[in-house]
Amino acid sequence: MNIDELVQLTTSKIEAVRVESDAAPMKKYMKDRFEYFGVKSPARKNVQRELKVYWKTLDNAQLFTYAEALWKLPQRELQYVALDALETRAKKLDASFLPRIEWFIITKSWWDTVDGLAPNIAGSIFYRDEEARMSWVEKWNNSENMWLNRSALLHQLRYKKDTNLELMFALIETHIGSKEFFINKASGWALRQASKFFPGDVREFIENHPNLSNLTKREGSKYI
């Protein structure tokens with residue numbers, strides 16, 4: 001089966017389990033930014049279990065081509081399938097795929113896809129490649145694209161005790177004074193996750209930066 005045929009199969013299988021009455025509420029929840037078939041996560045996951053046998057036949061580059069084709073289609077559920085397909089291969093990707101990952105982040109951007117791409121896929125590459133991490137995170141953090149900024153802030157969410165606190169604090173500091181909800185929320189989320197392993201350091205950072213947004217402080221202090 002070629003990639004075009006697999007895209008068609010994916011689309012038809014997702015559409016086959018649609019519940020039309022669910023489409024409008026799903027669209028409304030996402031601020032009317034995207035079209036929906038009306039397929040909630042459990043039904044979509046069931047379809048994906050059937051599709052995984054085909055995903056396994058694709059090499060990394062082919063899997064990205066498949067995901068990119070789904071990303072260009074209007075229904076948001078197909079972007080979720082693409083994201084989940086890429087996540088199955090996250091630990092086998094290298095820095096050569098970061099330009100393509102960046103395309104996903106800045107295309108049809110919203111929290112529901114960016115918050116998977118940043119920590120689960122880009123973050124996995126950065127964890128294994130320090131050189132790529134430093135150059136790409138700096139690029140994203142300094143970008144005029146807010147979703148790339150958010151991705152830089154969130155890339156360490158899965159690092160646990162391996163979180164680079166110095167880097168995380170420096171990234172957050174560059175966005176102090178931002179009025180952007182998604183940036184202040186991301187800063188708080190990063191602090192909250194780190195506080196599970198470094199509560200004292202996070203508490204000290206928050207106390208020493210009274211000009212953090214209230215949202216950031218509230219999120220970051222949740223577990224301390």
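A cavity is a set of points, on a 1 Å grid over the protein atoms alone, where a 1.4 Å probe fits but cannot get out. A volume is the space filled by probe spheres set on the points, with grid points joined across faces, edges and corners. The structure is a predicted model, in which local features need pLDDT of at least 70 and side-chain atom pairs count only at pLDDT 80 or more, while totals for chains, interfaces and linings use all residues. Residues are numbered from 1 along each chain as its sequence is written, and side-chain values use heavy atoms, with hydrogens and water left out.

A search of the whole structure finds 1 cavity of 30 Å³ or more. The volume of the largest cavity is about 100 Å³. Its lining, made of residues that have an atom within 4 Å of a point, comprises 13 residues, and Q156, L157, T163, A190 and Q193 are the closest to the centre. Two or more lining residues come from each of α9 (146-154), α10 (165-174) and α11 (181-195); helices (H or I, at least four residues) are DSSP runs numbered from the N terminus. The most is given by α11, with 3 residues. The lining divides into 8 nonpolar, 4 polar and 1 charged residues, where Ala, Val, Leu, Ile, Met, Phe, Trp, Tyr, Cys and Pro count as nonpolar, Asp, Glu, Lys and Arg as charged, and the others, Gly among them, as polar.

Pockets were also computed. A pocket is an open set of points with protein on both sides within 12 Å along at least five of seven lines. The largest pocket holds about 300 Å³ of space. It is lined by 15 residues, of which A90, K91, P119, N120 and S124 are the closest to its centre. Helix α7 gives the most to this lining, with 6 residues, and by class the lining of the largest pocket has 4 nonpolar, 4 polar and 7 charged residues.

In the second largest pocket there is about 250 Å³ of space. Among its 13 lining residues, M30, S41, R44, Y80 and D112 lie nearest the centre. Helices α2, α3 and α5 each give two or more residues to this lining. The lining of the second largest pocket consists of 7 nonpolar, 1 polar and 5 charged residues.

Helix α5 (residues 76-87) has 12 residues. The expected span of a helix is 1.5 Å times one less than its number of residues, so α5 should span 16 Å, and its end C-alpha atoms, 17 Å apart, agree with this. Of the 12 residues of α5, 11 are buried, that is, under 20% relative accessible area (1.4 Å probe, protein chains only). The buried residues include R76, L78, Y80 and V81. The buried residues of α5 pack against α1, α2 (20-29), α3 (41-55), α4 (60-71), α6 (98-106) and α7 (111-128).

Two single residues were examined. T10 lies in helix α1 (residues 3-16) and is buried, with a relative accessible area of 0%. Apart from residues up to four places away in sequence, T10 touches L51, Y66, L70, L78 and V81, contact meaning heavy atoms within 4.5 Å. W110 is placed in the loop between α6 and α7 and is buried, with a relative accessible area of 9%. Beyond its neighbours within four places in sequence, W110 contacts M30, K31, R33, F34, R76, W147 and F182.

Note on methods: Buried < 20%, exposed > 50% of the residue type's maximum accessible area, 1.4 Å probe, protein only.
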